[in-house]
Amino acid sequence: MSDKLFLLPGPSRVDRRVPKYLSDAYDEGFMSYNHRSPQVIELIKKTTGIMRKRLNIPADYTITFVSSATECWQIIAQSLIKKKSCHIYNGSFGEKWYNNTVKLGFEAKPVEFDINEDIPVDKIQEIKADTFCITHNETSNGTALSKEEILALRQVQGKAILAVDATSSMAGYKLPFNLADVWYASVQKCFGLPAGMGVLILSPRAVERAFKLNNTNHYNSLVNIINQASQFQTTHTPNVLDIYLMNRVLKKRKNIDKVHEDLKSRYKKIEQTVSENNSVDWLVTNIDKRSYTVLALKYLPNDISIYQLADDTQIVLGKGYGKWKENTFRVANFPALRKREINKLLNFLEVI
Ligand SMILES: *Cc1c(COP(=O)(O)O)cnc(C)c1O
């Protein structure tokens, strides 16, 4: 492994056992097996099983493998939105999802809200849409939605499909799966895996909507994905290697309840350190809105670059993103980071 400490919020530091698992995958034939072979079917079966167990995914939710989170924007638009979607966001990823849906020809309604505030549920109550789209963890500005906000949204728009981008929180946060119908992520964030695969999780209601619309025009039409998933298969040749790595990495991980608590307590330590240093501050002033997994910070002195300081100590920070590009830097607090790496980060945040 490189001597550098990668704190980028995706692609991010992979689980430290990945090199060994790669070599095991080769030895066990998983780089060569046909994706419709019994070995790969068995692997997908085992992997979705371990995901369900580790991440507390409800038994009646369907777990599927796709290519990326970005692909899910398109799948949702083409296979789940009936006529109109509503996109509620406070940052770049939610906005990109909205723009992507508009470009695909849908009537989409944007609802922007402030990074220090909750989702404006009162305003949303009036909106007529069949699909509501939210970003659980907004990677561009380090905010996360609370379970209460998702519940409130569900209560005012109970009939609609609720779709959640959880790309930088799934496998890091304990997610309230039962409060929404669609949850998706890419594996290069909290899963600690090499980039190149997405995970799409569906409630029975989402499956029902997909079959009702029955759109089969695309290679990645959801009904095809669901039909294949029921046989532990995919519509395309999937990233079998990433599925293998996911199985091995999750086997070693603790249940998400524990992972969530661990990340929260690390976040608290970082919060404490930042509060003791006048040179660094948070982008998000409302503590309740801050994410535990992606931290957006400001370095206040303007005579030296924070990236230069980090580079001097072999730390690679994430750059700011979107409209926060210039005035923030981002740090991942993902499960694959080891205790001594977090200690190195804490030390860096103390001395800068
Ligand atoms: C990283 C990220 C994406 C895009 O993921 P890809 O793997 O590049 O498709 C989408 N949404 C959020 C919130 C992200 O953090």
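Where is the place of Phe232? Phe232 sits in the loop between H8 and H9. Its phi is near 55°, a positive value in a residue other than glycine. With a relative accessible area of 27%, Phe232 is partly exposed. Buried stands for under 20% relative accessible area, exposed for over 50%, and partly exposed for values in between, using a 1.4 Å probe and protein chains only. Helices (H or I, at least four residues) and strands (E, at least two) are DSSP runs, numbered from the N terminus.

This is a predicted model: local features need pLDDT of at least 70, side-chain atom pairs count only at pLDDT 80 or more, and totals for chains, interfaces and linings use all residues. Residues are numbered from 1 along each chain as its sequence is written, and side-chain values use heavy atoms, with hydrogens and water left out.

**Domains**

The protein chain is divided into domain 1 (5-13 + 255-350) and domain 2 (17-252); such bounds come from an automatic or database domain assignment. The C-alpha centres of domain 1 and domain 2 lie 25 Å apart. Across the boundary, 30 residues of domain 1 are in contact with 32 residues of domain 2, contact being heavy atoms within 4.5 Å.

**The sheet of 7 strands**

An open sheet of 7 strands has the order S2-S10-S9-S8-S5-S3-S4, and its pairing is mixed. The edge strands are S2 and strand S4 (107-112), each of which pairs on one side only. Neighbouring strands of this sheet are turned by 20° against each other on average, direction ignored. Two strands count as paired if DSSP finds at least two bridges between them. Strands of a sheet pair through backbone hydrogen bonds, either parallel or antiparallel.

Strand S8 (residues 161-165) pairs with strand S5 (residues 131-135) in the parallel sense over 5 bridges. Within this pair, Ile134 stands opposite Val164 of S8, and Thr135 stands opposite Asp165 of S8. S8 is also joined to strand S9 (residues 182-186) by 3 bridges, and these two strands run parallel. There, Val164 stands opposite Trp183 in S9.

Is S8 buried or exposed? S8 is mostly covered, with 5 of its 5 residues buried.

Axes are lines fitted to C-alpha atoms, for helices over the stretch in contact, and angles run from 0 to 180 degrees between N-to-C directions.

| Helix | Lies across | Angle |
|---|---|---|
| H2 | S2 and S10 | about 120° to S2 |
| H8 (residues 222-229) | S2 and S10 | about 110° to S2 |
| H10 | S11 and S12 (294-299) | about 130° to S11 |

**Helix H2**

At 1.5 Å a residue, the 18 residues of helix H2 (residues 38-55) should span 26 Å, and its end C-alpha atoms are 26 Å apart, which agrees. The expected span is 1.5 Å times one less than the number of residues in the helix.

Which residues of H2 are buried? They are Val40, Leu43, Ile44, Thr47, Thr48, Ile50, Met51, Arg54 and Leu55. These residues cover an arc of only 165° around the axis, which puts them on the same side of H2; the arc is that of the directions from the helix axis to the C-beta atoms. On the other side of H2, Pro38 and Lys53 are exposed. The buried residues of H2 pack against strand S2 (62-66), strand S10 (198-202), helix H9 (240-252) and helix H10 (256-275).

**Backbone features in loops**

H2 is followed by Asn56, which is found in the loop between H2 and S2. Phi of Asn56 is near 55°, a positive value in a residue other than glycine. Asn56 counts as partly exposed because its relative accessibility is 35%.

A cis peptide bond joins Gly10 and Pro11, with omega at about -10°. Pro11 lies in the loop between strand S1 (5-6) and helix H1 (18-27).

**The sheet of 4 strands**

Another open sheet is formed by 4 strands in the order S11-S12-S15-S14, with antiparallel pairing. Its edge strands are strand S11 (280-282) and strand S14 (318-319), each pairing on one side only. S14 and strand S15 (residues 329-332) pair in the antiparallel sense over 2 bridges. In this pair, Gly318 stands opposite Arg330 in S15.
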